[in-house]
Each structure stands twice: as C-alpha cells, then as structure tokens.
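Please consult the sequence and the model shown below while reading.

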Amino acid sequence: MMILPDGTPLPGARHNKGPPDDLAIFPSRHFATRRIQQAVMAVIDLESRKKFLHEAVRLARESVENGWGGPFGAVVVRDGEIIGRGQNRVLLTGIPIYHAEITAIMDACQRLNPKALMGSGSQEGTLGLIPRPLGSADRAPERARMLQGCEIYISGAPCPMCMSAIYWARIDRVFFGTRLEDASGIGFDDAFQYEDFRLPWTERQAIRCFPDFERDHALTAIAAWAAKTDRHPY
Ligand SMILES: [Zn+2]
C-alpha cells in the first residue's frame with residue numbers, strides 16, 4: 001500500500017475509486033480526492049485537454065474522409081502525453097468491433113508493455129500487480145495495473161462495448177465530445193444498446209439470449225481457474 005506523507009492511502013483499484021475529481025474543469029467539491037489524485041497523476045491543464053479531444057476528432061474525421069469507418073476517434077493519455085490512438089475502421093476492415101476506443105486502448109497497452117506479451121510469460125507492464133487500496137471491497141489482495149493513471153479522450157460518447165473496455169482497462173477518466181443522441185441522429189444505435197442492456201437476459205430485444213445453457217459443463221472452466229494456485233490475478 002502506497003501512503004502519502006500525511007498518511008492518506010493512494011487511490012488504486014476500480015473498486016475504491018473516490019468521486020470524480022475536479023481537475024481543471026469540475027467544481028471543487030471533493031478536495032481530498034483531488035489532492036490525492038494530483039499527487040498520483042500529472043496535472044493536465046484545460047488547454048491540453050482540449051487538444052487531446054481535438055486530436056480524437058481529427059482521427060474521427062480522417063476515418064470519414066478516407067472511407068475507413070464511422071466518425072469516431074480516441075486517444076489515451078498518460079502523464080500529459082498521448083500513448084495510444086484509435087479510430088473507427090469498421091468499413092476498412094469489415095470488423096464490426098473495430099472501434100476507436102478499443103484500438104486506442106490496444107495501442108496504449110502495446111506501448112506500455114516491454115515486449116509482445118503473447119506467449120512470452122511476461123507479467124510486467126500493464127500486468128504488473130499493484131495492491132488493493134486500504135478499505136477496498138475488492139477481495140483480491142492485488143490487481144494488474146492495466147491503464148490505471150490514464151485518461152481517454154473520445155470524439156463521441158462510447159458505446160457499451162467501448163465503455164466496458166474502459167472499465168477493464170481501469171482508465172481513470174473519460175472525456176467525450178458528442179452525445180449518444182448525436183450518433184443516433186446519423187444512424188448509429190449505441191443508445192438502443194444501452195437500453196437493451198438494462199433488460200434481463202431473456203427479455204433482450206435485439207438478440208435472443210440463452211442463459212445457463214450447459215452450465216454444469218461450463219463451470220469446469222471456472223473450476224480450472226479457481227484450482228490454479230499460480231494464477232496471475234488481473
Ligand atoms: Zn464502441
């Protein structure tokens with residue numbers, strides 16, 4: 001556990017995030033949280049934040065102009081520097097999940113990791129473990145760092161898939177320009193997906209779901225992870 005000089009534990013895993021801080025933009029309601037966050041992360045001024053968002057928009061427009069995909073771009077920022085860029089390339093690739101945020105997160109992770117992780121056994125970089133913060137409800141004593149300490153700037157509100165990716169990446173803050181309804185207005189159905197997610201599995205409107213199908217057999221995979229004594233938590 002890292003502790004500030006005044007005894008305050010540093011914030012860490014997603015389970016113990018404080019309220020949103022007010023760096024440069026938001027009202028100063030949570031001074032203690034802001035003070036801690038500033039100690040951990042580089043302070044980014046408002047003009048820089050605008051430039052990051054503008055870069056995301058530039059990527060979005062480039063994708064449109066080249067016919068690569070929808071009007072969406074994203075950048076991941078750490079310590080005031082862009083470490084990952086992404087743009088929608090669904091039309092270029094025919095891959096429906098080729099979204100800007102996913103690509104930016106993958107780009108950032110590749111940059112932070114010392115080498116290609118696949119098959120290397122490396123557990124450095126984004127997989128490096130950090131202890132859970134004091135008082136966390138998280139039952140795991142430590143978690144992989146992933147993109148903790150990073151921010152993502154997106155030209156428009158993230159779809160549910162990309163928002164989930166941002167959770168998995170443990171990104172600290174999300175800034176986005178346009179709203180879901182702006183995207184709906186030009187034919188993208190992100191807003192509908194958010195509504196569908198609220199329904200129970202069997203009541204989803206767009207896709208039929210079959211929960212508990214061969215559950216007993218599938219549970220063997222869960223058991224395999226639980227029984228693995230040398231597993232690397234993430
Ligand atoms: Zn998306």
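## The nonpolar core

The largest nonpolar core has 28 residues, of which Val 76, Ile 105, Leu 147 and Ile 152 touch the most other members. A nonpolar core is a set of buried Ala, Val, Leu, Ile, Met, Phe, Trp, Tyr and Cys residues joined through C-beta atoms within 7 Å. A residue is buried if 20 or more other C-beta atoms lie within 10 Å of its own, exposed if 12 or fewer, and partly exposed in between, with C-beta atoms placed from the backbone. Two or more residues of this core come from each of H2, E1, helix H4 (100-112), E5 and helix H5 (160-169). H4 gives the largest share, 7 residues. Helices (H or I, at least four residues) and strands (E, at least two) are DSSP runs, numbered from the N terminus.

Leu 147 touches Val 76, Ile 105, Ala 108, Cys 109, Thr 126, Ala 169, Arg 170 and Ile 171, not counting residues up to four places away in sequence. Here, contact requires that the C-beta atoms of two residues, placed from the backbone, lie within 7 Å.

## Basis of the model

The model is predicted: local features need pLDDT of at least 70, side-chain atom pairs count only at pLDDT 80 or more, and totals for chains, interfaces and linings use all residues. Residues are numbered from 1 along each chain as its sequence is written.

## Strand E1 and its partners

Strand E1 (residues 73-78) is antiparallel to E2, and 6 bridges join the two. Among the bridge partners, Gly 86 in E2 pairs with Ala 74, and Glu 81 in E2 with Arg 78. The hairpin of E1 and E2 has 2 residues between the strands, and Asp 79 takes a positive phi near 50 degrees there. E1 is also antiparallel to E5, through 5 bridges; Arg 78 stands opposite Cys 150 in E5.

Because 6 of the 6 residues of E1 are buried, this strand is largely enclosed by the rest of the structure. Gly 73, Val 75 and Val 77 point one way from E1, while Ala 74, Val 76 and Arg 78 point the other way.

Methods: Two strands pair if DSSP finds at least two bridges between them.
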